[in-house]
Amino acid sequence: MRQFKALFLVMITSLLMVGYGESAHSAVVNGDDMVMGNPKAKITVVEYASASCPHCAVFAINVFPAFKAKYIDTGQVKYVFREVLTEPVQLAAAGFILARCTGKQNYFKTLDGVFHAQQEVYETKSLRDPLLKVAKSAGLTEDQFMACLTDKTALDNLNARVERIAKAGDFDSTPTFFINGQKLIGEHSLADLDAAIAAAKKPAKAKK
């Protein structure tokens with residue numbers, strides 16, 4: 001346990017909370033964004049979230065499955081997930097790096113496992129055991145799990161993504177959503193998203 005903490009902390013100490021930028025939000029999909037749904041959908045939903053954010057976990061567990069079934073799986077929405085680091089940064093970084101380790105096709109499934117494990121991490125004050133369970137459920141061995149979380153390249157890549165997202169994102173808390181540019185801050189119900197998506201579908205009024 002101590003060895004794991006030492007290894008991980010050596011890798012993670014350079015990852016500090018990055019200040020959020022104030023430039024205009026961009027829905028342009030980057031190559032390392034994680035995306036679900038129809039790429040040609042008229043509605044784009046961008047979520048900025050952290051793997052260590054309890055409010056993000058509530059949304060992921062209680063709302064996202066219904067949202068996905070209603071809008072993403074039916075081709076109505078392109079969903080873009082962007083990684084943000086909030087305290088405790090160790091959990092946020094470990095969760096995202098682990099999800100990336102399992103491959104793009106398994107990213108969202110693994111991240112869902114991290115969100116489900118979040119409460120156990122906080123209750124036990126242990127990163128290793130809850131996240132190891134998630135890793136094993138995704139098909140990783142314990143050795144692969146350790147190699148994943150101590151991969152300096154993966155950490156550097158995460159840091160670069162977070163910095164870029166912070167500079168481009170018009171947000172200061174997680175979760176924050178943009179529905180075709182319309183900003184929603186904090187936890188939201190499916191009904192809230194329904195209303196925002198319905199508004200985004202309406203044609204813009206012509207200027208007089």
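A residue is taken as buried when its relative accessible area is under 20%, and by this criterion both F67 and Y79 are buried in the predicted model described here. These two residues form an aromatic pair of edge-to-face geometry, with 6.2 Å from centre to centre and 65 degrees between the planes. F67 belongs to helix α3 (residues 64-72) and Y79 to strand β3 (residues 77-83), so the pair ties together parts that are 12 residues apart in sequence. An edge-to-face arrangement is also found for F81 and F108, because their ring centres are 6.4 Å apart and their planes stand at 85 degrees. Here strand β3 contributes F81 and helix α5 (residues 107-124) contributes F108, so that parts 27 residues apart in sequence are tied together. F81 and F108 are both buried. The structure holds 13 aromatic pairs, and ring pairs link F59, F64, F67, Y71, Y79, F81, F96, Y107, F108 and F177 into a cluster.

In general, an α-helix has 3.6 residues a turn, so residues three or four places apart point the same way. At the start of α8, a side-chain oxygen of D151 comes to within 3.0 Å of the backbone nitrogen of T153.

The structure holds 1 disulfide, which joins C101 to C148 with an S to S distance of 2.0 Å. This link is right-handed, with 110 degrees about the S-S bond. With regard to accessibility, C101 counts as partly exposed because its relative accessibility is 34%, whereas C148, at 4%, counts as buried.

Several features of the backbone occur in loops. A cis peptide bond, with omega of about -10 degrees, joins E87 and P88, and P88 is placed in the loop between β3 and α4. Another cis peptide bond joins T174 and P175, where omega is about -10 degrees; P175 is found in the loop between α8 and β4 (176-179). Positive phi values in residues other than glycine are found at K125, with about 55 degrees, and at N180, where phi is near 50 degrees. K125 lies in the loop between α5 and α6 (128-137) and, at 70% relative accessibility, counts as exposed. N180 is located in the loop between β4 and β5 (182-185) and counts as partly exposed, with a relative accessibility of 39%.

Note on methods
Residues numbered from 1 in each chain as written. Predicted model: local features only at pLDDT ≥ 70, side-chain atom pairs only at ≥ 80, totals over all residues. Heavy atoms only, no water. Phe/Tyr/Trp six-rings, centres within 6.5 Å; stacked < 30°, edge-to-face > 60°. Helix = DSSP H or I, 4+ residues; strand = E, 2+ residues; numbered from the N terminus. Buried < 20%, exposed > 50% of the residue type's maximum accessible area, 1.4 Å probe, protein only. Polar contact = N/O pair within 3.5 Å; in protein donor to acceptor, adjacent residues only side chain to side chain. Disulfide = S-S within 2.5 Å.
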